[in-house]
Amino acid sequence: MMLIEKLAQLKALFGEMQQALIAYSGGIDSTLVAKIAYEVLGDRALAVTAVSPSLLPEELEDAKIQAATIGIPHKIVHTHEMDNPNYTSNPVNRCYFCKSELHDTLKPLALQLGYPYVVDGVNADDLQDYRPGIQAAKERGARSPLAEVGVTKAEVRQLSQQLGLPWWDKPAQPCLSSRFPYGEEITVAKLQRVGRAEIHLRKLGWQNLRVRSEGDTARIELLPAQIKDFVLTTDLPAVVSTFQELGFMYVTLDLEGYRSGKLNQVLQSSTMIPAIVGNSSTNSGNPRRETN
């Protein structure tokens, strides 16, 4: 009953908006928002995907397929966060600069096309994490229907399944920049390298994973329960060879396993936070955790 009520609230929210532009990454959250918006608004809802080096071509193709399946009009734009040294230097509030670029692109587009609202896929759980990008979106007037109604990540998947979305269990896929330790410069070549490494492992059948990149080292993170199977069933020399062809020198396996936000454990350091957060006065407060 709670899910039914929340779905009704989401539909009522979009009904009040009358027109909405959705910041649509192709992830499960923004796809659910696009689905509900289209059911309520029809062609008065527009999904817009921002393309940059941090989005793999395969992810863009998934976004296109999902939008076509829903039926919602879909537009592609290009963002240029890689031109901003505040982003590429990879401070702890990197996502602030990424979302600033995104919404500085989407808001003028929405006004130009006659959409009074830009909405995103932020859910209620995201508000409990360290997400400097949420602040950037709010500063630019974006709305987050899922968070407003109190829809959690688990409920996003439940609602998506109930609405017949075949990708309801799609693994989370935050931007590729989240694969690098804070303070390590992000380049297009590094993004492509780590992205291709993850795609290789997914083609081998491993879906919930991360390839963390630190210098010339790739660190593979899998779900803890899958580590043993990976070691026993995977051609490890072949994986190493592929990663080295991509440009890594060393390939390691994280024995702790994949854990959302793992790279943020460095934020507990009393020395690193002031040094990097000081790059921007736009994000105050004590960092908690950011999903990566």
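Which residues touch the most other members of the largest nonpolar core? Select Phe14, Ile22 and Ile72: in this core of 30 residues, they are the ones. A nonpolar core here is a set of buried Ala, Val, Leu, Ile, Met, Phe, Trp, Tyr and Cys residues joined through side-chain atoms within 4.5 Å; buried means under 20% relative accessible area, exposed over 50%, partly exposed in between (1.4 Å probe, protein chains only).

Before going on, two notes. This is a predicted model, where local features need pLDDT of at least 70, side-chain atom pairs count only at pLDDT 80 or more, and totals for chains, interfaces and linings use all residues. Residues are numbered from 1 along each chain as its sequence is written, and side-chain values use heavy atoms, with hydrogens and water left out.

Now color the elements that each supply at least two residues of that core, among them helix H1 (2-17), helix H3 (57-70) and helix H8 (153-162). H2 gives the most, with seven residues. (Helices, H or I with at least four residues, and strands, E with at least two, are DSSP runs numbered from the N terminus.)

Zoom in on Phe14. Leaving aside neighbours within four places in sequence, Phe14 is in contact (heavy atoms within 4.5 Å) with Ala20, Val33, Ile36, Ala37, Val40, Leu41, Val119 and Pro145. Another core lies apart from this one: it has 26 residues, including Phe180, Ile199, Trp206 and Phe243.

Next, show the open sheet: four strands in the order S3-S2-S1-S4, with parallel pairing. Two strands pair if DSSP finds at least two bridges between them. S3 (74-78) and S4 (118-119) are at the edges with a single partner strand each, so one side of each has no neighbour in the sheet. Five bridges join S2 (residues 45-51) to S3; pick Ala47 and you'll find His74 of S3 opposite.

Last stop: select 209-214, strand S5, where five of the six residues are buried. S5 pairs with S6 (residues 217-222) in the antiparallel sense over six bridges, and Glu214 stands opposite Thr217. Two residues sit between the strands of this hairpin, and Gly215 in the turn has a positive phi of about 65 degrees.

Zoom back out: the chain holds 12 helices and seven strands, and 49% of its 292 residues are buried.
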